Amino acid sequence: MDLTLIRHLPTEWNKKTWLQGRRDIDLAPVTEEFAKKIKQNKELLKNEAFDLVLASTLKRTHQTAHLYGYYPETEGLLDELDFGPFEGVPKSKLINEYGDKWIENPKDLVLGESLKNLEARIDLFLKKYKDYHHVLVFGHGSWIRGLVSYVNDGDINNMNKIIVENNQCMTLEV
């Protein structure tokens with residue numbers, strides 16, 4: 001299966017480096033820079049035939065998909081990690097509290113959701129959609145980083161060593 005992944009466009013919270021998690025936040029107004037990047041990504045995707053287009057239950061992924069001209073099916077397994085008490089605060093507070101553990105061994109953390117549960121959702125997603133040839137996913141930073149780590153390394157422990165920018169588009173062969 002080929003998975004093409006697009007992280008949602010930025011929200012005002014992204015601009016402030018605040019963790020959003022399960023908070024259902026609208027996108028920020030699309031800047032000229034992001035409009036240009038959407039156009040570039042659409043050009044790359046124009047000849048792709050997707051069997052399925054999916055987005056999380058959170059509106060920022062659907063809003064991003066609509067800007068790309070897609071109307072995705074909703075899939076709860078794609079929801080962002082629940083950051084619990086760290087939602088709505090700068091990411092630096094999470095880093096200050098968990099430091100190396102966030103970078104080197106996040107799988108043992110429990111925030112609003114355990115990261116083991118995030119890994120289980122990724123595994124379930126891969127099993128559920130394994131019979132599709134090419135799937136387009138509009139998703140979230142932690143979920144996408146977790147998926148990349150899981151596919152490349154067999155677990156999510158390297159997810160926080162990976163950078164996925166807002167509106168970044170990538171394709172993984174799974």
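1. Strand pairing. β1 and β5 run antiparallel to each other, joined over five bridges. One of the residues involved is Leu 3, whose bridge partner in β5 is Leu 172. Keep in mind that this is a predicted model.

2. The sheet. Five strands form an open sheet. Their order is β3-β2-β4-β1-β5, and the pairing is mixed. β3 (73-74) and β5 (169-173) are the edge strands. Each of these two pairs on one side only.

3. Thr 4, position. Thr 4 sits in strand β1, which covers residues 2-7. Is Thr 4 buried or exposed? Its relative accessibility is 0%, so Thr 4 counts as buried. The cut-off for buried is under 20% relative accessible area.

4. Thr 4, polar partner. The side chain of Thr 4 makes a polar contact with the side chain of His 134. The distance is 2.8 Å.

5. Thr 4, surroundings. Leaving aside residues up to four places away in sequence, Thr 4 touches Leu 45, Phe 50, His 134, Val 135, Leu 136, Val 137, Cys 169, Met 170 and Thr 171.

6. Largest pocket, size and centre. The largest pocket holds about 470 Å³ of space. It is lined by 24 residues. Which of them lie closest to its centre? They are Arg 7, Asn 14, Leu 19, Lys 91 and Arg 145.

7. Largest pocket, contributing elements. Two helices, α4 (91-104) and α6 (141-153), each supply at least two residues of the lining. α4 gives the largest share, with four residues.

8. The lining divides into nine nonpolar, nine polar and six charged residues. Arg 7, Lys 91 and Arg 145 are among the residues closest to the centre, and Arg and Lys count as charged.

9. How many cavities of 30 Å³ or more does the structure hold? There is one. The largest cavity contains about 40 Å³ of space.

10. Cavity lining. By class, the lining has six nonpolar residues, one polar and one charged.

Notes:
Residues are numbered from 1 along each chain as its sequence is written. This is a predicted model: local features need pLDDT of at least 70, side-chain atom pairs count only at pLDDT 80 or more; totals for chains, interfaces and linings use all residues. Side-chain values use heavy atoms; hydrogens and water are left out. On a 1 Å grid over the protein atoms alone, a cavity is a set of points where a 1.4 Å probe fits but cannot get out, and a pocket is an open set with protein on both sides within 12 Å along at least five of seven lines; lining residues have an atom within 4 Å of a point. Grid points are joined across faces, edges and corners, and a volume is the space filled by probe spheres set on the points. Buried means under 20% relative accessible area, exposed over 50%, partly exposed in between (1.4 Å probe, protein chains only). A polar contact is a pair of N or O atoms within 3.5 Å; within protein, one must be able to donate a hydrogen and the other to accept it, and residues adjacent in sequence count only if both atoms are side-chain atoms. Contact means heavy atoms within 4.5 Å. Two strands pair if DSSP finds at least two bridges between them.
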